[in-house]
Amino acid sequence: MILMHANKLAWDAMPTTWSQEDLKVMVECMHELNRELQDSGELVEARGLSGPDQMKTVQAQEDGEPIVTDGPFSETKEVLAGYWVVDVADEQRALDLALRISRTPGPGGRPVNQAVEVHPEGVAPV
């Protein structure tokens, strides 16, 4: 699984600091990557996520009842922006994809260089 993170402050400012053309270029870059992964048979699933203002955090209390709060914790600096589940030949391919995602174009076409995590599928200990 490849996880794309975004800086929360930058995410919140994106509607006012990115031009419509810059947003269009960034989205098209993601669509192009998804098309290539689908054509190669490597794409299992991909999703872009809504902004942090639409997320909820749920945590169980000792009595089992939930605590539900709006958005990420106030001290959160990074938010999950999207993810890809891929079936690739080896770790290097996953790392290459993560680098490409990190280089997503931002304002003026300059790479945003955001953090991207690569998580291999694991097996639960028995």
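Which residue in β5 stands opposite His 5?

Analyst: In this predicted model, the residue in β5 that stands opposite His 5 is Leu 80. The pairing of β1 with β5 is antiparallel and runs over six bridges.

On one side of the pair, α1 (residues 8-17) packs on the sheet, where it touches both β1 and β5. The direction of α1 makes about 75° with that of β1. Helix α2 also packs on the sheet, and its contacts are with β1, β2 and β5. Its direction makes about 25° with that of β5.

The sheet itself is open and has four strands, in the order β2-β5-β1-β6, with antiparallel pairing. At its edges are β2 (43-48) and β6, each of which pairs on one side only. On average, neighbouring strands are turned by 20° against each other, with direction ignored.

Two of these strands, β1 (2-7) and β5 (78-86), also belong to the cover of the buried residues of helix α3, as do α2 (20-40) and β6 (116-118). Helix α3 spans residues 91-102, which makes 12 residues. From first C-alpha to last, α3 reaches 16 Å, close to the 16 Å expected at 1.5 Å a residue. The buried residues of α3 are Ala 94, Leu 97, Ala 98, Ile 101 and Ser 102. Viewed down the axis of α3, these buried residues fall within an arc of 140°, so they line one face of the helix.

The N-terminal end of α3 is capped by Asp 90, which places a side-chain oxygen 3.3 Å from the backbone nitrogen of Gln 92.

Ser 102 is placed in helix α3. Its relative accessibility is 13%, and because the cut-off for buried is under 20%, Ser 102 counts as buried. The side chain of Ser 102 comes to 2.8 Å from the backbone oxygen of Gln 114. Leaving aside residues up to four places away in sequence, Ser 102 touches Val 112, Asn 113, Gln 114 and Val 116.

Definitions and conventions. Residues are numbered from 1 along each chain as its sequence is written. This is a predicted model: local features need pLDDT of at least 70, side-chain atom pairs count only at pLDDT 80 or more; totals for chains, interfaces and linings use all residues. Side-chain values use heavy atoms; hydrogens and water are left out. Helices (H or I, at least four residues) and strands (E, at least two) are DSSP runs, numbered from the N terminus. The expected span of a helix is 1.5 Å times one less than its number of residues. Buried means under 20% relative accessible area, exposed over 50%, partly exposed in between (1.4 Å probe, protein chains only). The arc is that of the directions from the helix axis to the C-beta atoms. Contact means heavy atoms within 4.5 Å. A polar contact is a pair of N or O atoms within 3.5 Å; within protein, one must be able to donate a hydrogen and the other to accept it, and residues adjacent in sequence count only if both atoms are side-chain atoms. Two strands pair if DSSP finds at least two bridges between them. Axes are lines fitted to C-alpha atoms, for helices over the stretch in contact, and angles run from 0 to 180 degrees between N-to-C directions.
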